[in-house]
Amino acid sequence: MNGASYAVTGVGTFWGRELAGRLKERAEGNRVLALDLHRPHGLEPGVDFQYLDLIDTRAAQTLGETLRARGVESLVHLAFRQSPGPNLALDHALEVEGSRAVLDACAAADVARVVIPSTTMLYGPKAGNPNFLTQSWPLAGHPHAHCVQNRAEVERLAAVWAEAHPASAVSLIRSCWALGARFRNYVTRTFERPVVSTCLGHDPLLQFIHEEDLLGIYEEAAATAHPGIFNAVGRGVVPLSRLLALAGKKRLPLPEAALEFLGEHGGGRAGARGNGDEASGFYDYLRYLWVADGELGWAEFGEPRYSTQEAWVDFVSSDEQAFES
Amino acid sequence: MSNSDGAEDSAPNGNVIPLRPRQATPESGGSEAEALEALRGALDDLRRKIRARSPGLAAEEAPRPQSDPVDWFGLFDELRTRLARAGLRERTGEIDEFGMETDLVERMRPLREFMAKRYWRVAMRGTEFVPRAGPAIYVANRSGLLPYDGWIFADLVRSAREGTEAPRFMVDEALITLPFLQPALTRMGGVLACPENARRLLAAGQSVVIFPEGMRGAIKTFDQRYRLQGFGHRWLAAVAAEAGVPVIPAGIVGAEEAQPMLFRSYGPAWLLGLPFLPMTPTFPWLGPLGLLPLPSTWRVGFGRPLEPGSLDFEDPAGLDSDAFIGVLRDRVESLVETGRRQRISPWS
């Protein structure tokens, strides 16, 4: 038994399923434990699946026993909402309390490497942001994006846990918006439309990371210890107008009031029927700068294969029937 | 495009190549091998054609030996990437990491030259103090609401340095984040004024122009013209010391008369979401035309550079930083005064 023992939570998501397959194929003898509510269709056959409900109060205990029994040395916690839902309490319970349970289980099982994905949305889209935000920039988040606020809490939990368990290597991977041929979430749904509504008078610089590059980073962080916080982004920044022109999409610049109205009553992305947040919780990210500096991440995990523009082009030129995550 | 394997029914239109191999596979097993061979041949043909069109790529890969199994996914990925990128370069101009569009800046050069030479009749002095090589920080007085001074000054520095690229002018947060101004200023080379941006630009070898008066200088009314306000952006001293670049003071005379703000109207401005409306002799009476700047005479003077070592920069965060900013302010003030004296009249 010379392979490594991995555990991946949230295999129902695109990231979890793909990563579990990659880790299994990475080396002969690797044992991968996939954890979620259901075994997803398309999961690599050699991966072992176990039921895990992170909202259950006994989740930490059962997970800890399982991890210890299997001798798991590396856990990647990917059980996070890819698109915010209307039930804020449920999202909080899953993302924050669920992460707490996973971290408790890792402590009980002495897991050597813990990888927790985070997002550069935590820096917050603010008017005074410099053009490149480093890892030490304070995390402002956004008051109207509840999933972003949840992730900020998870980062705090992870930081406290990492200090309390110096023997474990905790990698916090803050990624920007991920694009690619297959991954879909609320962000990609906005960009899939032929007419994309933007903020009137604003044209921010955006950055993306390709799904393959991000999966590569998760895999690398799971396989070898990379303790610390890293921005995982693609090279280059492109203005939103240029991206839409490249894709042949039309822009619909709308004033703030119109965006709020559409969010509330459009039944679409924002509003009580959509994702439980006000429209500004998303549209501010298309208004102000929140570009992260990726030098540390590139030095640690290698050059990304796709630049921001290439990731965008790959996404735009991809098939319509990509699966939902 | 000819199909070397001779199968005629799997690739009927020689020029239409389905990019998804599995869609091209027919139901029955017998012709499946034929179809795959035909597809493989067609894809190889296409790949060779793309490589032939891009001369840089032709030398990259050795031809794949026929006996090896085709790496479908690798080929698919490579084709998709190259096809997606093909033709894009012609449509996209270069946009640098701070959002400046070099194409646009080049296209606007005739306009900038007209404004500098004919409209505002700029005369420079002290150009011998502009360093010929290496990044530097230029510090000037701020006048007028819209940053025409920054825009023209950056171009003047470029012409004084002959052939190097223009410095980036730093714009206060309050202006560069306003709707419509944000994309316009960014595309033309404006950058948010903050120490992180300055450090990064200097490290990349680019000069920056900083207006330490900030918005205080921009919203001066006409009766306070050329009265230098307090200097903010005090981080510039520490940044200059860390980067080891000289700080060149400059005085810009003429921008105040180009955008003379008689008074600020706070009443109806809140309807537009602005803090105030500038009242000039032409705006808002002439409508949007009133925002065009007036053709005053400009005089720009450069002063002797202040080297970071010359004022004992052992502790940039301490009292030395204040002393440095104080000296800088005095130099800028005297340059402005000299410029005003040398100018016979603002409109000649």
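Colleague: Okay, why are α9(B) and α11(B) called roughly parallel to each other?

Modeller: Quick caveats before that one. This is a predicted model, where local features need pLDDT of at least 70, side-chain atom pairs count only at pLDDT 80 or more, and totals for chains, interfaces and linings use all residues. Residues are numbered from 1 along each chain as its sequence is written, while chains are lettered from A and ligands numbered from 1 in the order in which they are written. Now, the axes of α9(B) and α11(B), residues 235-243, cross at roughly 25° and come within 10 Å. Angles under 35 degrees count as roughly parallel, so the pair is roughly parallel. The axes are lines fitted to C-alpha atoms over the stretch in contact, and angles run from 0 to 180 degrees between N-to-C directions.

Colleague: Which residues of α9(B) and α11(B) make the contact?

Modeller: From α9(B) you have B:P195, B:A198, B:R199, B:L202 and B:A203, and from α11(B) there are B:W235, B:L236, B:V239 and B:A243. In contact means C-beta atoms, placed from the backbone, within 7 Å. By class that's 8 nonpolar, no polar and 1 charged residues. Here Ala, Val, Leu, Ile, Met, Phe, Trp, Tyr, Cys and Pro count as nonpolar, Asp, Glu, Lys and Arg as charged, and the others, Gly among them, as polar.

Colleague: What makes A:L254 partly exposed?

Modeller: A:L254 has 17 other C-beta atoms within 10 Å. Buried takes 20 or more, exposed 12 or fewer, and partly exposed is in between, so A:L254 is partly exposed. A:L254 lies in β13 of chain A, residues 250-254. Beyond neighbours within four places in sequence, A:L254 is in contact with A:S197, A:L200 and A:L259.

Colleague: Which residues of α7(A) are buried, and what covers them?

Modeller: In α7(A), residues 240-247, the buried ones are A:L240, A:R242, A:L243 and A:L244. Their cover includes β8, β9, β12, β13 and α11 of chain A. After α7(A) comes A:G248, with a positive phi near 70°.

Colleague: And how many residues does each chain put into the contact between A and B?

Modeller: Chain B gives 21 residues and chain A gives 20. On the chain B side, α2, α8 and α9 each give two or more residues, and α2(B) has the largest share, 4 residues. Helices here are DSSP runs (H or I, at least four residues), strands likewise (E, at least two), numbered from the N terminus. By class, the chain B side has 9 nonpolar, 6 polar and 6 charged residues.

Terms used. Contact = placed C-beta atoms within 7 Å. Parallel < 35°, antiparallel > 145°, perpendicular 65-115°, else oblique.
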